[in-house]
Amino acid sequence: MQKDAPAILTMEGLQSLFAALTRQGYRVVGPTIRDQAIVYDDIAAIADLPRGWTDEQEGGRYRLVRRDDAALFGYAVGPQAWKKFLHPPLQRLWRAEHAGNDVRVIPEAIPAERLAFIGVRSCELHAIAIQDRVFLGGAHVDPHYRARREGVFVVAVHCGTAGGTCFCVSMNTGPRATAGFDLALTEILRDDRHVFLIEAATDAGRAVLAELPHRAATAADGVDAAAVVARTAAAMGRAMRADDLPELLRRNLEHPRWDDVAARCLTCGNCTMVCPTCFCTTVEDSSDLAGRETARERRWDSCFTMDFSYLHGGSVRASARARYRQWMTHKLATWVDQFGSSGCVGCGRCITWCPVGIDITEEVHAIRASAPQ
Ligand code: SF4
Ligand code: SF4
C-alpha cells in the first residue's frame, strides 16, 4: 500500500476531520461509551470519543477504567466489530404483500449510505479483509455487503494500547495497520504534547487530508509514532504459535482436551457473536397475523447452537465437544483450506466475552503441550 509522507494534526485538525467527512456525505461512526463499554456508533465530534478511558480485559472480564492522560484512542477493542455495519445482525432480504389472489415480492433495497469508520485497528482491518473474501470473493457475491463495503472510508488507528487478551503479533495482524485504510492515525502523547501523526494511503484519503489544517511531520515525530506501536507490540496480553496450527489440530481431532473444554463451555455462542470474522447466518420467514405481509430476514447464527447443524432427524454436532471443536478447528485450520488464511486475527474478543473465560490461546497451548508428536 503506497503511503504519502506523514503529516501532523493537532486536536483542532482532528476535529475538522469530522466536519470534512460529513461535508463529503459520509455518516461518521466510531468509538464511544455506552453501557460501560466502548461501542461503535454515530459520532459527531472529538467529545464523543472515549477520552481518558481504557479497557481492562481478561478471560471473561471487561472493565472501563480511567487513564492518567487524555488519550482518545487509549483502549484496545470493545465487544463490537465493524461487521455490525457491513454484515448487520439482522438483514431483511425481501418482503411480500398479498392483495386478493396476487402476491407482490419486493426485494430489500440495496443500501446507499456511505459510512466513515473512525479508529479501525489493524486486527479489524484484517478481519474486514477476511469478510471481503467471504462475501465478495466467491461465485456468489452478497449485494448488501458489497454496497456497504464499497462506500466505506476508513480512518485507521495504529494501536497505542494492547488489551489483556490481544495476540495480534502472533497472528501477524498488528498492531500497526499496513493495508485497507484511507487515512491512518498514530496518537502521540508526550509530556504536554497531544497530536496525531496522519498518513494518507488512497486518493480519497488525500482529498480529505487536504481539507484539514496540518503540517509536515518531522523525523522526531516519526520516531515518537514508531515508539507508540513498538510499545504496544511488546505489551501483548497473549501469545500463540500459529504457523503449524492446521496440521496440529488436524492431527488431534480426538484429543482429550476437547472433553475438558466441553465441560466448561456453555455453548452460548458469545464467542461467535463478538468475533469480527464469524459470518454464519440463518434465514427466517415471518408473516403478520392477517397473512397480508410476509418477510424473509437473515440473522447471525452460531455453530454453537443445536439448530445450526440440524438435518432431518437431528443435529450433526449434538455435543458441546463437537461444537467447540468445530468452531476452533474452523477458525484455525479449515478456514485456511476454505479462504486461504486463518479465520482468527488475534483480537481477543472471544476470550474477553466468554462468560466462563475459555481462552482459544490456552486451548491451543494445552493441545500442543500434550499432543502426540
Ligand atoms: S467458548 Fe465461551 S463464549 Fe464460546 S460458546 Fe463456549 S461458553 Fe460461550
Ligand atoms: S477467534 Fe477470537 S481472537 Fe480470533 S478473531 Fe475471533 S474473536 Fe478475535
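**Close-up views of a predicted model**

**View 1. Helix H7 against the sheet.** Helix H7 (residues 219-233) lies across strand S1 (7-9), strand S10 (183-190), strand S11 (193-200) and S12, contact meaning heavy atoms within 4.5 Å. H7 runs at about 95° to S10, where axes are lines fitted to C-alpha atoms, for helices over the stretch in contact, and angles run from 0 to 180 degrees between N-to-C directions. Helices (H or I, at least four residues) and strands (E, at least two) are DSSP runs, numbered from the N terminus. This is a predicted model, in which local features need pLDDT of at least 70 and side-chain atom pairs count only at pLDDT 80 or more, while totals for chains, interfaces and linings use all residues. Residues are numbered from 1 along each chain as its sequence is written, and side-chain values use heavy atoms, with hydrogens and water left out.

**View 2. The open sheet.** In the order S3-S2-S8-S9-S10-S11-S1-S12, 8 strands form an open sheet with mixed pairing, two strands being paired if DSSP finds at least two bridges between them. Strand S2 (residues 27-34) and strand S8 (residues 115-120) run parallel and are joined by 3 bridges, and Val-29 stands opposite Phe-117 in S8.

**View 3. Helix H3.** H3 lies across S3, S8 and strand S9 (153-157), running at about 135° to S8. Of its 15 residues, 11 are buried, that is, under 20% relative accessible area with a 1.4 Å probe, protein chains only; among them are Leu-125, Ile-128 and Phe-135.

**View 4. Helices H11 and H13.** The axes of helix H11 (residues 320-339) and helix H13 (residues 360-370) come within 12 Å and cross at roughly 90°. Tyr-324, Trp-327, Met-328 and Leu-332 in H11 meet Ile-360, Glu-363, Val-364 and Ile-367 in H13.

Methods. Chains are lettered from A and ligands numbered from 1 in the order in which they are written. Buried means under 20% relative accessible area, exposed over 50%, partly exposed in between (1.4 Å probe, protein chains only).
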